[in-house]
Amino acid sequence: MTHPAAAIDPSRSPAAEPRTLVEVAGVTKAFGSGPGSVVALAAVSLSIFENEFFTLLGPSGCGKTTLLRLIAGFEHPSAGVISLDGRDLTELPPHRRPVNTVFQSYALFPHMSVAENVAFGLERLGRPRAEIIARVKHVLALVKLEAMADRRPAQLSGGQQQRVALARALAPAPRLLLLDEPLSALDQKLRREMQGELKRLQRETGVTFVLVTHDQEEALAMSDRIAVMSTGRVLQIGGPSEIYDRPATRFVADFIGEANLLPGDLVGRPGGTVAIRPERVHLVSAGAGIPASGGTGEDGAGGTATRLPGIVITLTFLGSDVLYEVALAAGPLIKARLRDAAPGVEAGSAVLAGWPKGAERPVAEDPLPAGPRP
Amino acid sequence: MSGTARVRTLPLLAPALGVILVFMVAPMLIAGAYSFLTAGAYGGVRLPVTGEAYVRFLFDRDLDDSLIFDDTYLVIFGRSIALAAATTVLSVLIGLPVAWFMACRDKATRDLLVLAITIPFWTNLLIRTYCWVLILRDQGLVNAALIGTGVTSEPITFLYSNEAILLGLVYSFLPFMVLPIYATLERLDPRLVEAAHDLYAGRWAAFRYVVWPLAKAGVAAGTILVFVPALGAFLAPDLLGGGRKLMIGSLIHLQFTSSRNWPFGAAASMILMAFVLVALVIAARRRAGQVAP
C-alpha cells in the first residue's frame, strides 16, 4: 500500500483554507451487548482538518481513547462512518490505514534497537533499503535521538522512549498521527518541554496530529482546535480561546479552567446558568465603593453590569494571585482571582462582587447522563 | 568474595547444596560407577572394573573375542533422537497456537484453561498411555468408529508403529510445551501487537517480527522440557510400540529389569546424558550468540 509522503514544508501557511481530512459521522461504540452493554461513544460527529493539531479532551471514561482507537482501526464502530480523505475507513484493518499511533505506554518493541523500531513501519511497507536508512536517520534527527540509534528501548529514559515512539510513528509519514495521552508518564518539567516539542514536530512535518488528553492546560497550550468530550459525547469543538472564553455547556465551563457557575436569575437571565471566570471578577469593599482590583478599566468604559453583595469567606495566597471566596447574599459562593490583594478586604469583610459587562456567559445544561464534575 | 564471607554464607547454602548432592550428584556418580563394573548374575554389579559396557554399545564380541561393529544400539539411539525431535517439533506446532489462544482470553478463562492443561497430570502416565492402546488397537475406539461408519471393513492397525509412539510422546509432553510458551505470551503486552498492526504489519508479519521473537524464550524452555524427557521415555515405546521399536529409554529400562545387565543400562544412560548435555550446551551457546548486542 502507498500513501504520499508528507512533505516537510515549514513555510506552509496555516491560514490556508482548512480542508477536511478526517470525517467522523454519527459514530457510536458500545462494548458488550444486551442490557449489560456500555455505550462508550454516542453518535459522535466531528471533522478534523488537514494539517491541524486537534485535541480530544475530557475526563477518563469520556470516550476519547475509544474514538482514537476507532480512528486507528483497533476497534470497530457499532454504527457510523469514519472516513479519511473522503475514503471510508470503516472496513479497513489498522495495517491498511495511513494512520500511525503513539501509544500511552509507548509499546516499543523490546527486542529491537531504536533504529529497528523506527524502521519497522517502513519495512512492512516494503520501502527500499536505502530509503529506509535515510528516513530513519532523518526522523531520529527530528526527535534529536541520532546518538541512540543502536540502543535498546530498555536502555533509554522515559522521555527518550517517548521520542522513539514519536519517531517510529512519524517515520512512515502517515496522513494522520494519533497520540494517546503521550505525555502522561512524564514528569512535570519534561511534559512542558515535550509540549513545545510536539508542537514543533507538528509544524515541521505538516502531519495532522490528533491528541487525546485529560489535561486541559496541555490541550489549551498545544491545540489548534479542541473537542471537549464527556460521557461519550462531544460537547463543544473550537479553538482554545473560544473554548475558554465561550464555553458552551456547564461541563465545559467547569472542566476547562475554573468557573463560577451561577443561576441566571442572579444576573437578569432567568432560567439558565451563567459561567464567570474567577479572574474576571473583582471585589469592592462594600463601604468604600471603590473597585479593589484591576477591573477599573472595564468599569470606566462599559460600567459594571452586575454587582452582588456578599461576605468574604476565605482568602488564599497563590503566589502571583490571591483567591477570594465570597458567599453572596443571594446564596451561592463565588470565587474571585485578583492580581493583588484588595486593600481593606479580609475574611469577613462585606464586599460587592462585580464583573465587566459580557464577562458572564450563558451555558447550556449538559446532555444526560450528566458528566462527572471535577 | 572473601574467604570469611564464603564461610559465613555456607550454612545458608547448605540445604540447597545438600539437595543437589543427594538428589542429583550422588545418583549420577552411582550410575557412572556402575557403568564401569561387571554385571552380576541376578542383577546388581560386581568387580572387576571394566569398560566392557561402553564397548558393547558399539561392538559385538565374536567367539574368538574379536570385536565386530554392531549398529543395533546406535539404531535405537538414532530412533530415539528422531522421535524426540519429531515430538518437539509437533509440540511447538500444536503448543504455540494453543498457548496464544489461552493468552488472548480474559483472566478467569485463562486460569481455567491452565487448570485444564494440567488435568492429565492428575492421572498416572502409565494409565493414560494405556488408554491410547484402548483407543488405537484393532478393536479400539477409532477402528470401531471407522468400521461403524463404513469407512473401512477391516480394522486398520495403528499400534506398534513409530507413528503410534510419536502420538503417545506428543500426548505425554505437550503440556510441557504449552505452559512455558503460555507464560511468555501472557506477559507480552497486547499493545505491542497493536503497534505492529498500526505500523502496517498484517497478522503474519506481526507474528513473525513481534510475537515470535518474544515467545522464543518460552519455546526454548519448552523444547528442553519436551525433548529431554521424550528422549528417555519408555512407557510410550513399550505400550504403543509394543516393545518392538525400542527407544533408548526402553533399552535402559530393560537392562535394569529382565536383561539384568545394570552396567550396560548405566552406560547407556551415561551416553544419553552426555548427548543431552552436549546438545544443551550447543543450544545455549547459539542463543547467547543471538542475544548479544
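Biologist: How many bridges join strand 11 of chain A to strand 12 of chain A?

Modeller: Four, and the two strands run antiparallel. This is a predicted model, by the way.

Biologist: Okay, what makes strand 11 and strand 12 of chain A a pair?

Modeller: Pairing takes at least two bridges, and these strands have four, so they count as paired. Within that pair, A:Asn260 stands opposite A:Ile276 in strand 12 of chain A.

Biologist: Which strands make up the open sheet in chain A?

Modeller: Three strands in the order 11-12-18, with antiparallel pairing. Strand 11 (260-263) and strand 18 (361-363) of chain A each have a single partner strand, so they are the edges, each with one side left without a neighbour in the sheet. On average, neighbouring strands are turned by 40° against each other, direction ignored.

Biologist: Over to chain B: why are helix 5 and helix 6 called roughly parallel?

Modeller: Their packing angle is about 20°, and the label applies under 35 degrees, so helix 5 and helix 6 of chain B qualify as roughly parallel. Their axes lie 4 Å apart.

Biologist: Which residues meet there?

Modeller: B:Leu134, B:Ile135 and B:Leu136 from helix 5 meet B:Leu141, B:Val142 and B:Asn143 from helix 6. That contact has five nonpolar residues, one polar and no charged.

Biologist: And what lines the second largest pocket?

Modeller: There are 20 lining residues, and B:Trp100, B:Cys104, B:Val193, B:His197 and B:Val211 lie nearest the centre. The lining divides into 13 nonpolar, two polar and five charged residues. The pocket holds about 590 Å³ of space.

Terms used: Residues numbered from 1 in each chain as written. Chains lettered and ligands numbered in written order. Predicted model: local features only at pLDDT ≥ 70, side-chain atom pairs only at ≥ 80, totals over all residues. Heavy atoms only, no water. 1 Å grid on protein atoms, 1.4 Å probe; cavity = no way out; pocket = protein on both sides within 12 Å on 5 of 7 lines; lining within 4 Å. Points joined across faces, edges and corners; volume = space filled by probe spheres on them. Nonpolar A, V, L, I, M, F, W, Y, C, P; charged D, E, K, R; others polar. Axes fitted to C-alpha atoms, helices over the stretch in contact; angles between N-to-C directions. Parallel < 35°, antiparallel > 145°, perpendicular 65-115°, else oblique. Contact = heavy atoms within 4.5 Å.
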